[in-house]
Amino acid sequence: MSDGHHHPEPMSDVERRVHALETLLAEKGLVNEEFIDDMVQAYAQDIGPMNGARVVAKAWVDPAYRERLLAEDSTPAIGELGFGGAEGAHMIVVANTPEVHNVVVCTLCSCYPWPVLGLPPSWYKSPPYRSRMVREPRVLLAEMGCEVPDDVEIRVWDSSAEARYLVLPERPAGTEGLSEDELAALVSRDSMIGVARL
Amino acid sequence: MDGVHDLGGKIGYGPVVVEADEPVFHEAWEGRVFGLVGLVTIATNAGTPAFRHAIERMDPQHYLESSYYEHWLTGSATLAVEAGLIDADELEARSGGFPLSRPLARHPVPSHLAAPAAPEPRFGLGSRVRVRNDHPMGHTRCPDYVRDRVGDVVRVDPGEPVPEIEAHLGRIEREPTYCVRFSMAELWGDDGGTGDSLCIDLYERYLEEVS
């Protein structure tokens with residue numbers, strides 16, 4: 001079937017494959033445009049690291065919330081802020097301390113806590129990150145611009161079953177006067193994966 | 001399976017390349033694939049383990065040379081063809097070339113990994129466990145780099161569906177998973193000789209107690 005008029009640019013090989021799969025599925029009545037559009041819109045706009053940043057900022061200002069968040073299962077405390085859903089049925093927050101720096105990887109695929117971080121960046125899913133973070137975390141973190149002091153233990157979390165991990169960074173010094181919203185603006189995605197320190 | 005996807009500890013992949021200000025979807029087709037995967041897994045009644053395994057069965061060279069959403073495209077098209085929803089020849093004809101994943105192994109699940117699941121935890125906090133040295137031909141969530149290594153249970157999680165059983169026998173059977181902590185020296189020998197550590201979540205059937 002020719003559909004060049006829908007695509008002013010010539011399609012790439014992979015676009016031709018997507019189009020072939022989609023049209024064959026559509027002919028079987030299996031394509032639901034609304035479902036696809038809703039999925040794309042949700043993760044392109046509404047679900048992302050701004051959610052995780054709110055969790056972190058609240059944990060910094062509210063000791064009781066921090067305690068609930070660092071319980072064995074963090075999912076209920078994250079749910080208090082309205083975040084949950086796909087890839088977030090069992091979320092666990094691991095806190096950085098002066099003694100421990102946490103970092104998250106998925107060596108087998110791309111597991112990531114979608115409700116609080118959105119979809120993972122390409123580097124998180126790439127062979128270099130997945131192969132090296134479990135073997136030489138200190139070297140790789142330094143290469144990525146994250147220097148962890150020698151007397152701080154690096155603890156790597158390989159998310160290989162159903163738990164999805166979020167790192168709670170340490171609150172930066174000198175932020176005592178900031179509001180929760182101002183603090184949330186300081187929290188980067190990378191600090192919640194553990195490849196950056198604030 | 002000891003496939004190309006099982007990347008933990010492998011050497012030679014070079015630096016991590018970070019794309020500044022990366023968009024969630026680089027091109028429109030990536031978003032379409034993200035949505036199509038949801039539709040295909042529903043239509044084929046495939047769970048996440050079967051979808052993951054469809055990606056794991058990609059030709060290794062194709063896996064390494066293709067982008068993440070191309071993995072999803074290949075995996076979902078493979079599931080759709082294997083379920084009989086669509087025809088591989090038609091896919092090929094309409095696209096001008098559509099590499100699919102390789103067929104399932106003839107015996108993907110050894111009997112030990114297919115055994116019925118027990119809901120009550122066998123191990124507790126602080127148990128010393130060794131990861132069994134299993135090398136199944138089919139889907140597993142036990143990476144190679146922890147096999148035959150000894151670590152300590154630091155968290156016990158309630159029952160989760162056993163991936164081998166869900167992917168290959170089509171049933172949901174739950175058993176406890178354990179977060180097991182290993183020293184880097186245990187995993188990598190003297191090269192890992194620092195105070196750093198690694199925690200990984202493992203299903204009960206992957207583990208045996210060390211006395």
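A note on reading them: residues are numbered from 1 along each chain as its sequence is written, and chains are lettered from A, ligands numbered from 1, in the order in which they are written. As this is a predicted model, local features need pLDDT of at least 70 and side-chain atom pairs count only at pLDDT 80 or more, while totals for chains, interfaces and linings use all residues.

**View 1. Chain A on its own.** Chain A has 10 helices and four strands (DSSP runs numbered from the N terminus, with H or I of at least four residues for helices and E of at least two for strands). Read along the sequence, these go α-α-α-α-α-β-β-α-α-α-β-β-α-α. Of the 198 residues in chain A, 44% count as buried (20 or more other C-beta atoms within 10 Å of a residue's own; 12 or fewer makes it exposed, anything in between partly exposed, with C-beta atoms placed from the backbone). Take the contacts in chain A between residues at least 6 apart in sequence, and 70% of them join residues at least 24 apart (a contact means C-beta atoms, placed from the backbone, within 7 Å).

View 2. Chain B carries eight helices and five strands, running α-α-α-α-α-α-β-β-α-β-α-β-β from the N terminus. Its C-alpha trace spans about 60 × 40 × 30 Å along the principal axes, and 44% of its 211 residues count as buried. Domain 1 covers 1–104 and domain 2 covers 111–209 (bounds come from an automatic or database domain assignment). The two domain centres, taken over C-alpha atoms, sit 26 Å apart. Where the domains touch, domain 1 gives 12 residues and domain 2 gives 11. The domain 1 side of that contact splits into four nonpolar, four polar and four charged residues (Ala, Val, Leu, Ile, Met, Phe, Trp, Tyr, Cys and Pro are nonpolar; Asp, Glu, Lys and Arg are charged; the others, Gly among them, are polar).

**View 3. A covered helix in chain B.** Helix H2 (residues 48–56) of chain B is mostly covered, with eight of its nine residues buried. Among them are Phe51(B), Ile55(B) and the charged Arg52(B) and Glu56(B). The cover over the buried residues of H2(B) includes H1, H4 and helix H7 (163–169) of chain B.

**View 4. Where the chains meet.** The contact between the chains takes 60 residues from chain B and 60 residues from chain A. On the chain B side, helices H1 (28–43), H4 (68–82) and H5 (88–95) and strands E2 (150–161) and E4 (197–203) each supply at least two residues. H1(B) has the largest share, 10 residues. By type, the chain B side divides into 31 nonpolar, 14 polar and 15 charged.

View 5. Strand E3 (residues 153–158) of chain A pairs with E4(B) in the parallel sense, over four bridges (strands pair if DSSP finds at least two bridges between them). One bridge to look for joins Arg155(A) to Ser197(B) in E4(B).

**View 6. Ile36(A) up close.** Ile36(A) lies in helix H2 (residues 33–46) of chain A. Ile36(A) counts as buried because it has 20 C-beta neighbours inside 10 Å. Setting aside neighbours within four places in sequence, Ile36(A) is in contact with Arg32(B), Gly35(B) and Leu36(B). Leu168(A), 132 residues away along the chain, has its C-alpha atom 32 Å from that of Ile36(A).

Terms used:
Two residues are in contact if their C-beta atoms, placed from the backbone, lie within 7 Å.
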